[in-house]
Amino acid sequence: MIVRIMGEGQWKLADSHVVELNKLDDELLEEMESGDTEGFRRTLGALLDAVRRLGEPLPDEALEPSELILPAPDANLDEVRAMLSDDGLIPG
């Protein structure tokens with residue numbers, strides 16, 4: 001799976017990592033719904049860090065179609081809400 005972090009680039013992740021990412025996505029969704037800004041910032045950072053840790057960065061010149069697009073680390077609640085689907089940021 002190819003994941004893009006807006007403003008940073010793309011990472012290639014094994015499909016087996018989706019479970020870990022979904023757990024963080026669920027936490028992020030709960031924090032957004034409750035208005036927990038501090039928790040939102042912490043969990044968004046953890047989600048992006050997980051992509052960076054688990055994935056292999058693609059070269060800047062590689063422009064692969066992204067199966068998943070995540071917000072930039074400095075995105076605010078409203079920006080992330082605009083990116084959400086019914087399943088959160090990560091389908092499934």
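View 1. Helices (H or I, at least four residues) and strands (E, at least two) are DSSP runs, numbered from the N terminus. The expected span of a helix is 1.5 Å times one less than its number of residues. V18, L21, N22, L24, D25, L28, L29, E31 and M32 of α1 are buried. Here buried means under 20% relative accessible area, exposed means over 50%, and partly exposed lies in between (1.4 Å probe, protein chains only). The cover over the buried residues of α1 includes α2 and α3. Contact means heavy atoms within 4.5 Å. Just after α1, G35 takes a positive phi of about 75 degrees.

Residues are numbered from 1 along each chain as its sequence is written. In this predicted model, local features need pLDDT of at least 70, side-chain atom pairs count only at pLDDT 80 or more, totals for chains, interfaces and linings use all residues, and side-chain values use heavy atoms, with hydrogens and water left out.

View 2. Helix α2 covers residues 37–54. Its 18 residues should span 26 Å, and its end C-alpha atoms are 26 Å apart, which agrees. G39, F40, T43, L44, L47, L48, A50 and V51 are buried in α2. An α-helix has 3.6 residues a turn, so residues three or four places apart point the same way.

**View 3. T43 is a buried residue of α2.** T43 has a relative accessible area of 3%. Leaving out residues up to four places away in sequence, T43 touches L24, E27, L28 and E31.

**View 4. P65 is an exposed loop residue.** P65 is found in the loop between β3 (56–57) and β4. Its relative accessible area is 64%. Apart from neighbours within four places in sequence, P65 is in contact with I2 and Q10. P65 and Q10 are 55 residues apart along the chain, yet their C-alpha atoms are separated by 9.5 Å.
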